[in-house]
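Dear colleague,

I am handing over the structure below, followed by an account of what was found in it. Please read the account with the structure open beside you.

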Amino acid sequence: MLGKVAKKLRLFGFDTEYLANTDDNKIIKRGLDSKRIILTKDKQLHKRLIKLKIPSFPIISENELETLVIIMKESHINYVYSVPNENTRCSLCNGTLDEIQKPSLVNVVPKKVFENTSMFFECSNCNKIYWDGKHIKEINQIIDKINKEIKQV
Ligand SMILES: [Zn+2]
């Protein structure tokens, strides 16, 4: 579940690393080296992080939306911009995205997508192509739900 959360965080525009099946010591070192907040479901690891005064959030919910809401609240973020925004990152590799010119994509993206889409982005790292399609609309629906939960009144 945290893998899916990590992908969403990247699309939202957060610089997010995802370490699966990684030794706790390596996670702690990586957190310190990259000055990141560590999100973990592992209660023991979270206790260690508190002792070491390393910023971390325990993930207690199994629900993705609820988890994203908690992360935003804990980070004092009260608005998530719809995607793609200027900070959106590649959901696969955390690379930054660049807007690319449509003509270069003939025969690269499905014909229907090419005809019906105006904006395309490419990951600067793994070259995955993104466009404002159905998947992005679904992500933005999730963002709407998150914003309703985190907006300050
Ligand atoms: Zn990428």
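The structure holds zero disulfides, a disulfide being counted when a pair of cysteine sulfur atoms lies within 2.5 Å. In general terms, such a link is a covalent bond between the sulfur atoms of two cysteines.

Before going further, please note that this is a predicted model, in which local features need pLDDT of at least 70 and side-chain atom pairs count only at pLDDT 80 or more, while totals for chains, interfaces and linings use all residues. Residues are numbered from 1 along each chain as its sequence is written, and side-chain values use heavy atoms, with hydrogens and water left out.

Helices (H or I, at least four residues) and strands (E, at least two) are DSSP runs, numbered from the N terminus.

Cys 93 is partly exposed with a relative accessible area of 27%, and Cys 126 is partly exposed with 35%. Buried means under 20% relative accessible area, exposed over 50%, and partly exposed in between (1.4 Å probe, protein chains only).

Strand S4 also takes part in an open sheet of three strands, ordered S3-S4-S5 with antiparallel pairing. Its edge strands are S3 and S5 (129-131), each of which pairs on one side only, and the twist averages 35° from one strand to the next. That angle is taken between axes, which are lines fitted to C-alpha atoms (for helices over the stretch in contact), and such angles run from 0 to 180 degrees between N-to-C directions. S4 and S5 pair in the antiparallel sense over three bridges, where two strands count as paired if DSSP finds at least two bridges between them. Phe 121 stands opposite Tyr 130 in S5.

There are two aromatic pairs in the structure. One of them is formed by Tyr 79 and Tyr 81, edge-to-face, at 5.1 Å centre to centre and with 80° between the planes. Rings of Phe, Tyr and Trp (its six-membered ring) pair if their centres lie within 6.5 Å, with planes under 30 degrees apart counted as stacked, over 60 as edge-to-face and the rest as tilted. Tyr 79 is partly exposed at 48% relative accessibility, while Tyr 81 is exposed at 57%.

As for the protein as a whole, it has six helices and five strands, and 39% of its 153 residues count as buried.
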